[in-house]
Amino acid sequence: MNVLVIGGGGREHALAWKLAQSPKVQRVYVAPGNGGTALDACLKNLPITDMAALRDWAIAHKIELTVVGPEGPLAAGVVDDFRAHGLRILGPTQAAAQLESSKAFSKAFMQRHGIPTAHFEVFSEATAAHAYLDRMGAPIVVKADGLAAGKGVVVAMSLPEAHAAVDMVLVDGAFGAHPGSGEARVVIEEFLTGEEASFMVLCDGKNVLPLATSQDHKRLQDGDAGPNTGGMGAYSPAPVVTPDVHARAMREVILPTIRGMEKDGIPFTGFLYAGLMIDAQGQVKTLEFNCRMGDPETQPIMARLKSDWVDVLWAATEAAGSKALADLELQWDRRTALGVVLAAPGYPLAPRVGGAISGIPKETDEVVVFHAGTQFHDGVLKTSGGRVLCVTALADTVKVAQARAYDAVRQIQFEGMQFRSDIGFRALKA
């Protein structure tokens with residue numbers, strides 16, 4: 001069959017790479033793709049970013065399965081549109097994607113359905129938000145309500161930092177919402193302590209299939225210092241997600257969410273990502289929901305997956321009553337996979353792009369380099385985005401996977417390349 005992956009980041013490269021390994025697949029198209037997908041003989045880039053044009057192309061070229069990578073098209077209703085035209089597509093509807101596209105919707109949903117999360121208040125007026133901050137004190141968390149590409153969350157350790165975050169959204173209009181329109185909103189949450197983990201599952205509206213556990217590193221610098229980013233590295237599995245924590249996450253977060261969405265008349269299909277905070281006692285609270293796989297968590301998860309990914313995603317797009325998804329059991333490589341993100345200079349605030357990239361090692365059974373912000377033009381591979389590559393290695397232990405990944409990192413060069421040197425440090429302490 002012919003398969004289409006929508007998106008152009010590292011997550012989409014990893015999804016397409018795994019799909020192309022299925023003997024059932026003739027060609028995987030990636031729209032718009034990146035330099036890595038352009039260089040892979042098993043993949044073909046499509047320079048189409050308009051979703052209506054892409055839908056028409058999918059119909060004309062008999063695409064039998066479409067997988068949506070990023071959140072933007074989901075929030076814009078690409079799944080509704082493709083389905084309305086008889087196309088099989090994996091992802092939530094526009095209404096269901098509000099779990100990610102609106103932090104206020106998500107928090108109200110969790111409150112309504114008894115899903116453990118941090119205490120919160122929502123504000124659209126700066127004066128009231130500032131007064132609330134003064135009353136609550138720091139540390140405290142300020143979140144822009146809408147989509148912000150992983151950069152709309154400020155974990156403020158001081159009140160001045162929290163006030164500045166409120167002003168950024170409600171006064172300066174960061175992340176697109178116009179101040180004073182009522183569309184610009186912030187969610188202010190209590191600060192939670194513990195260890196974060198990424199808990200991802202596949203859903204068909206009723207049934208749930210958990211994916212391998214993972215953990216990412218959101219801060220730019222070693223030791224979790226510096227600003228939040230889209231993610232500077234990740235590994236799978238995550239030792240913090242013990243069997244007890246896994247069972248608790250399914251029982252207290254995932255299943256109530258799927259049942260709650262069904263009860264609210266907006267059944268959830270596709271990837272559901274719960275960002276969890278796990279305390280010292282193994283209690284879990286939900287930090288956020290995403291309606292797609294995480295990036296860079298997808299890269300190590302796909303590196304470990306042994307099952308035919310086409311079979312899995314096909315089952316997830318069958319009618320919920322078929323139980324196709326419920327009957328699946330995923331096969332995983334027992335090894336640890338660890339991915340290190342290489343970022344452009346100036347990332348995350350103002351990445352400088354256009355530098356030539358060299359030294360990327362050839363793919364082996366132990367190391368694969370997934371591309372994100374790259375483009376291949378006139379025979380030259382160049383940086384084109386903030387997060388450029390994710391160097392992913394497999395090994396029997398976290399320590400060896402880490403060493404293997406950094407050995408590969410040292411072969412790669414581009415001007416101003418920045419990366420963390422401690423990816424996996426929490427797992428090493430586990």
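A word on the source. This is a predicted model, where local features need pLDDT of at least 70 and side-chain atom pairs count only at pLDDT 80 or more, while totals for chains, interfaces and linings use all residues. Residues are numbered from 1 along each chain as its sequence is written, and side-chain values use heavy atoms, with hydrogens and water left out.

Start with H1 and H12. Helices (H or I, at least four residues) and strands (E, at least two) are DSSP runs, numbered from the N terminus. H1 covers residues 10-19, and H12 covers residues 309-316. Their axes come within 8 Å and cross at roughly 110 degrees. Axes here are lines fitted to C-alpha atoms, for helices over the stretch in contact, and angles run from 0 to 180 degrees between N-to-C directions. So H1 and H12 are roughly perpendicular to each other. For the angle words: under 35 degrees is roughly parallel, over 145 roughly antiparallel, 65 to 115 roughly perpendicular, and the rest oblique.

Which residues in H1 meet H12? Leu15, Lys18 and Leu19 do, and their partners in H12 are Trp309, Val310 and Leu313. Contact means heavy atoms within 4.5 Å. The residues of this H1 and H12 contact divide into 5 nonpolar, no polar and 1 charged. Ala, Val, Leu, Ile, Met, Phe, Trp, Tyr, Cys and Pro count as nonpolar, Asp, Glu, Lys and Arg as charged, and the others, Gly among them, as polar.

Stay in H1 for His13. Is His13 buried or exposed? His13 is buried, with a relative accessible area of 5%. Buried means under 20% relative accessible area, exposed over 50%, partly exposed in between (1.4 Å probe, protein chains only). Leaving aside neighbours within four places in sequence, the contacts of His13 include Asn34, Leu43 and Phe370.

Next pair: H8 and H9. H8 runs over residues 126-136 and H9 over residues 159-170. Their axes come within 10 Å and cross at roughly 165 degrees. H8 and H9 are therefore roughly antiparallel to each other. Among the residues that meet are Ala129, His130 and Leu133 in H8, and Ala162, His163 and Val166 in H9. The H8 and H9 contact residues divide into 7 nonpolar, 2 polar and 2 charged.

Now H7, residues 103-112. How many of its residues are buried? The count is 7 of 10, so H7 is mostly covered. Phe105, Phe109 and Met110 are among the buried ones. Just after H7, Gly114 takes a positive phi of about 70 degrees.

On to Ala96. Where is Ala96? Ala96 sits in the loop between strand E5 (89-90) and helix H6 (98-101). Ala96 is buried, at a relative accessible area of 0%. Beyond neighbours within four places in sequence, Ala96 is in contact with Met261, Ile266, Pro267, Phe268 and Cys291.

Last, the cysteines. The structure holds 0 disulfides. A disulfide is a pair of cysteine sulfur atoms within 2.5 Å. For Cys42, the nearest cysteine sulfur is that of Cys390, 20 Å away. Cys42 is partly exposed, with a relative accessible area of 45%. Cys203 is buried, with a relative accessible area of 0%.
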